[in-house]
Each structure stands twice: as C-alpha cells, then as structure tokens.
Amino acid sequence: MPKYRTAIIACGIIGRVHARGWLGIEDRPTEIGAIADTNPDALREFGDFFGVGEAHRYTDYRQMLDAEKTDFVDVCSWHQQHAEMVIAAAARKPRAILCQKPMAIDMQEADEMLTACMRNDVKLSIAYQRPHHATWLRARELVREGVIGKVTQVQLACGGNLLNTNSHNIRLALFLMDEPRAEWVVGAVERTTDLVERGLPAEDACLGLVGCEGGGSILIEGNLGGGLGQGCRVIGTEGIMELSTGRLPDSEVPSDAPMYMPEGPSARYNCEFGTARYLNVATEGWQRVEAPVHDCWAHQAQEAIDWIEGRVETPISSGERGRAVQEVMMALFESARKRQRINLPLKTR
C-alpha cells in the first residue's frame, strides 16, 4: 500500500510529467489520489491513464481540496493561477505543496504564497526540477570542491522568455553558486511583437546582469544569439564548466496514448538528462562529469517526502529559493522600466 496520497491540480502536459515523477519514486510510496481539471476530457483521460478512480476526479479544484485530505497537493496550472491555487491548498493544510514554475507572476503573489504556507505549517516547493539532474548534482559538488576555482560568473543564454525558459537557468545559476543573495540587477527588455506565453504578454528578448553577494555575477541573455539552451557556462578563477541537457530519442520515450498528445509524448521531460564537463589547467582537455542517470522529477518528488519526514532540512526546490528566482526576474523588468540598476530587496511588488 502506498504511504502517501498526492492530489494534482490541472491535468495537462506538465501534470502528466509530475504524475510520472510521483509514481517514479523507488518502491512507489505515493499514489495519485485525486485530480482536478475544468476540461472533462483531460480529466477522464488522465484519470484512466494514471488509475485515479472516478470518485476522485473533480472539475472544481476547491471541491477536491475540501473532499480529499491528501498529503501532497501538486499545482500544475499556468503561471497566473499558481498563487490562487497554492493559497487555497495551504488553507486545507496538506503536509506539502509542489507548484510548477515560475512561482508566480509578481512579488506580491510570491510572498502571499509563502505567508499562506507558513501560517498553515505547510511546506512549499517550486518545481525547478533541473538542479535535480544527477549529473548537475555532481557538478555542484565539483564546484564546491574547487575544480574551477572561485566562481566569478555564470552565463545563461536561452531562447524563450524569462518566466518560462530562462527562469530555469536563473535557478540553476543560484544553485551552482550555493544560493548567494542577489544584491542588484540591471537589465534591458525588447518587445516588438505581440508575443503571448501561457496567456501573458512576454518579452521578445532580454539582457540582464545580476550582482551577487560575494562578488560573483549572473549574465542573462534571452533570445539573443545562438544561446546555451537549458544549461549554463560557469566561469571560475581556475577553469570553466559547461552544463547542458539531452533527451532520449522519441522511439525510447513512453507514449501518452490513448491520451491526446498535441505536443508529443509528455514523458520526454521525464527522459531528459543533464550533461556537464569542465576544463582547468590540470585536466589537459575537457573532463566529463559522470553520474548514474535518474528522473529529475522523481528525485524532486522524493525530496518532498524526505522533507516532510525530516531527512532534508533545506530542500533544493524550496519556496524561498523559488522566490529568489522571482525577485531576479521582476528586478530585471523593473530595471528596464526605470532605466537604472535596481538594488535588492525589490520594493516594487
């Protein structure tokens, strides 16, 4: 019998990925106990595929939260619904909430989410899953051991917009730098089209520089040049490290069928893996970072269990660390608006 029950809000593509994460933990200590989605077809397909009984399927997520006393609530909706759903879930006092990234769409929402969870003694994680890649966990260990000396800058360059793709890379940079406090941000934003991403106006390109406590910096390039993709380049006083991602070919990825697959198999995300290499004066060329591959989503879900069971004190994916990413992004936009460097903490909510 599973030890824990998870309720999933929003049964789209990312909900499928999260569900595979919960069910991919060794010995499967969790089950998908309840689901909610306003789309009846998505609700039916998801419930049938992941074995959620009809009595535990809801078209109103608040009704689900009232009726189902689950250990975890997993919010897999679009950005602008995160705060509302996390705050509502916290009021029902599950043991922990996992919320899809980005944490929110502004700082006020992020702080309201943290406050609601703190008041109700609920642990909050934000689903920046990629630091959970096995190779990237090992890469951080090597950075801590000094294989590239002191980190002076982490360079990010990805297509897509801040809230979606580069938010992942900002989280990665802070992770590799051992969670320094961002002290200031200076940025520029370009918007020459009517680009909308998940219902929100989005920038076409951006450029930012983040000054961090201890002297290191983060360079953010969004939709400028060829890019580094999901990953980064870490510049140290004694070497360089590069991190990237890869995925299995679709022929090796589990199918969502008979569920509707407008974007192909969602398990592509579960089958993603991290890669890393480093170079210093002693290596005589690039050295690959090796680690046994695991599903980073399952590792993140395992961390949530370890957190509520007391084996983890400060999780990789904590709400506070999600807030740190949010503050950098919002400060970049504020810098572009005011045309000046923005000192943190950010005052504009």
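The following dialogue explains how to read several features of this predicted model.

Me: Which conventions apply to this model?

Reply: Residues are numbered from 1 along each chain as its sequence is written, and side-chain values use heavy atoms, without hydrogens or water. In this predicted model, local features need pLDDT of at least 70 and side-chain atom pairs count only at pLDDT 80 or more, while totals for chains, interfaces and linings use all residues.

Me: How many residues does the largest nonpolar core have?

Reply: In soluble globular proteins, nonpolar side chains tend to be buried together. A nonpolar core is a set of buried Ala, Val, Leu, Ile, Met, Phe, Trp, Tyr and Cys residues joined through side-chain atoms within 4.5 Å; buried means under 20% relative accessible area, exposed over 50%, and partly exposed in between (1.4 Å probe, protein chains only). Here the largest core has 74 residues, and Ile97 and Leu124 are among those with the most contacts inside it. Apart from it lies another core of 28 residues, including Phe50 and Met259.

Me: How many salt bridges are found in the whole structure?

Reply: Side chains of opposite charge can pair when their charged atoms come close. A salt bridge is a side-chain nitrogen of Lys or Arg within 4 Å of a carboxyl oxygen of Asp or Glu. The search finds 28. One of them joins Asp178 to Arg144, with the closest N and O atoms 2.7 Å apart.

Me: Is Asp178 buried or partly exposed?

Reply: Asp178 counts as partly exposed because its relative accessible area is 39%.
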